[in-house]
Amino acid sequence: MTTEELAVKIVKYFLNVLEKKVPIKRIDIINGVGGGINTKIFLEALPKVKTILSETFGYRLLELNIKNSKLFYIAPRDITSHLIVPPEKQAEIALLHLVLMYIFMKGGKVTDTMLWKFLEGLEVIDELEEEHSYFGEVNKLITETFVKHNYLVREKVDEEGGVEFTIYYSWGVRADLELAKKDVLEYVAVRYNFFQGTTR
């Protein structure tokens with residue numbers, strides 16, 4: 001298999017798993033394109049993979065180093081690319097950018113209490129209801145999905161004495177790599193009236 005042929009196979013693999021939005025290990029990519037590929041050939045194909053994804057599909061191939069492991073994933077080249085995702089994903093993306101915007105405006109880190117109070121103020125969450133009519137399962141998206149996808153960091157910090165703890169949220173490595181803070185602010189500002197107008 002030539003480097004060009006391998007690059008095309010890797011691109012197809014990434015596009016097939018795009019919706020999962022989960023970083024992928026190199027071994028999973030190799031197995032996904034048929035296996036039997038050594039590291040040297042894989043690394044030689046990556047520049048071509050990046051070119052095809054960028055010029056043909058409008059995506060960037062990014063690499064994460066998490067817990068001493070290198071993971072790969074693809075992301076839109078800019079924030080406006082999120083507008084072309086399926087309608088069922090629009091609410092999730094809108095919520096993500098709303099949360100990231102708030103964290104950024106508060107200096108880069110907020111407690112869960114601060115975040116929930118902010119979302120309650122926008123009527124995105126309600127103590128009496130588990131699911132929002134537009135945004136869906138907000139609690140699960142923030143505490144599980146966005147954290148799993150490395151868009152948010154959820155950190156549990158023990159208070160003095162170790163009896164109580166506080167949970168903090170900050171931007172995850174994918175948010176830092178994929179999104180410019182200025183673009184997040186603009187994205188949310190344009191849609192602010194829409195957020196205000198959503199009903200439960």
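Reader: With which residue does E155 form a salt bridge?
Author: This is a predicted model, in which local features need pLDDT of at least 70 and side-chain atom pairs count only at pLDDT 80 or more, while totals for chains, interfaces and linings use all residues. Residues are numbered from 1 along each chain as its sequence is written, and side-chain values use heavy atoms, with hydrogens and water left out. A salt bridge is a side-chain nitrogen of Lys or Arg within 4 Å of a carboxyl oxygen of Asp or Glu. With its closest N and O atoms 3.3 Å apart, the salt bridge of E155 is formed with K109.

Reader: How many residues apart in sequence are the parts that E155 and K109 tie together?
Author: Strands (E, at least two residues) and helices (H or I, at least four) are DSSP runs numbered from the N terminus. E155 lies in strand 5 (residues 152–158) and K109 in strand 4 (residues 109–111), so the separation of the parts they tie together is 46 residues.

Reader: Is K40 buried or exposed?
Author: Buried means under 20% relative accessible area, exposed over 50% and partly exposed in between, with a 1.4 Å probe and protein chains only. K40 forms a salt bridge with E44, and E44 is partly exposed at 39%. At 60% relative accessibility, K40 is exposed.

Reader: Which helix does K50 lie in?
Author: K50 forms a salt bridge with E63, the closest N and O atoms being 3.9 Å apart. The pair ties together parts 13 residues apart in sequence, since E63 lies in strand 2 (residues 59–66) and K50 in helix 3.
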